[in-house]
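Hi,

Here is the structure I promised to pass on. Have a look at it first, then read my notes below.

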Amino acid sequence: MDLKELRRQRRSRFMGGLTPYVGYIIQSGIAMVFLLVLIIFSAWYTSLLRDVPEGIPIRWIMLVLLLPAAAHSSFRTYLQSPDTIFLLPQGHRMKEYFAPAWTAGNVWKVLRLAFVLITLWPLYIRTDDSHQMLFATLAVLILVKILASFGLWRELAMLSRPASMGYSLLRWAVSGLMIAAWLWQPALRALIFIVILAAAYVAALAVPARLSVPWERLIATERNQGARALMILGWFVDVPGREQRVYPRRYLSRWGAGIAWRRSTAYRFLLTKSFARGDIFGIVIRIFLLALLLVWWNRESYIGSGIYLFFVLVMGVQLSALRKLHSESFWLTVYPLPEGSKASSTIQFIFRAHLLLAMLTALPFLTGIAGRPLPVIGTFLAGALLAYLFKSRASRKSAQDDDDI
């Protein structure tokens, strides 16, 4: 059995399943939106480079933006549940199967890392007199990236799930310390520290017991990655067979407990619980925190208002994916929901969540309301209007779908 060819076929089959939806994505206008965002960002970044604020914490900014790009790793193995039976006899040869996944995963992640570094570099050399050299910095970051990828692979194979989670935190901590040492310390001292820390990290990875091939863990990871890709496509077109990963967020377990126990609110209760434990919640919260940081940084200019509206738009797109949640659930066809309650509950839930996030994201503008009352009030109203436009569009689309039926 040619294991490399097997993986190539599976990858081609997966990508072939996504290709028919590319046309719908282009028709949705996402290319024009991306181009517009790129133009706005270029104009903002150029103006920032021409007039760099005094005391900008460039090293902290570099650390915050480079750490996720360096520490985050993932691999597409395309493993399937039947592999635990049919590929199990090939366990001693699975390195041939995983080698392309390792290579492809690292190549794309290194390119992403290089893009972030090159984007930040003009700001870095203008604000840090003792800055490091570009190619040396890139080499160090690539070393951190490869070490993090090696650490992730070892984490997946660990027998103990708590140990795997602990080593995941260790991977991020080690990556952060290495990048911080390179940014804050002289080159030679930083290299010595990085080499010692890397050796200690590799030695620590050898301690926990591991499986030679963690079949179940790799299959579950691949299933989640495939579902995430289908979820992104679901923003633009109905995709059959989409699954949502469930997270046990116990701190949100009481959310929705106050909803009345009636047929008319049954789907609202289900949607609340699903949102609290699904992928979309985590994505929206990360976007919200990033938006809050950037808005706070630019809160006294119209550029901040532009950034705010862009992120409100992005959060609206993310929340719109909730309209397709449970679209293929068998139990919703069995449980006697009132006619139209699913659509109305979804639209109201998305609007309230979108409006709340829009108002919270705009809070940094309140610090300058004394000097700029009209722009601040206008920004708040624009965010609320954008949330309402999303609601109106969803209502029209829901009515159109009902007419088609």
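On one side of helix H9, Leu188, Arg189, Val195 and Ile196 are exposed (exposed means over 50% relative accessible area, buried under 20% and partly exposed in between, with a 1.4 Å probe and protein chains only). Before you go on, note that this is a predicted model, where local features need pLDDT of at least 70, side-chain atom pairs count only at pLDDT 80 or more, and totals for chains, interfaces and linings use all residues. Residues are numbered from 1 along each chain as its sequence is written, and side-chain values use heavy atoms, leaving out hydrogens and water.

Back to H9. Helices here are DSSP runs of H or I with at least four residues, numbered from the N terminus.

Which residues of H9 are buried? They are Ala190, Ile194, Leu197, Ala198, Tyr201 and Leu205. Seen down the axis of H9, these buried residues fall within an arc of 110 degrees, so they line one face of the helix (the arc is taken from the directions from the helix axis to the C-beta atoms). Their cover includes helix H7 (134–157) and helix H8 (161–184), going by contacts, meaning heavy atoms within 4.5 Å.

Now the rings. Rings of Phe, Tyr and Trp (its six-membered ring) pair if their centres lie within 6.5 Å; planes under 30 degrees apart are stacked, over 60 edge-to-face, and the rest tilted. That rule gives 12 aromatic pairs. In one of them, phenylalanine 14 and tyrosine 78 have centres 5.9 Å apart and planes at 55 degrees, so the pair is tilted. Phenylalanine 14 is in helix H1 (residues 3–18), while tyrosine 78 is in the loop between helix H4 (58–71) and helix H5 (83–86), 64 residues apart. Tyrosine 78 is buried, at 8% relative accessible area.

Tryptophan 60 and tryptophan 184 make an edge-to-face pair, 5.1 Å between centres and 70 degrees between planes. Tryptophan 60 sits in H4 and tryptophan 184 in H8, so this pair ties together parts 124 residues apart in sequence. Tryptophan 60 is exposed at 54%, and tryptophan 184 is partly exposed at 30%.

Phenylalanine 14 also has arginine 76 over its face, 4.5 Å from the ring centre (the rule: NZ of Lys or CZ of Arg within 6 Å of the ring centre and within 35 degrees of the ring normal).

Cheers

Terms used: Helix = DSSP H or I, 4+ residues; strand = E, 2+ residues; numbered from the N terminus.
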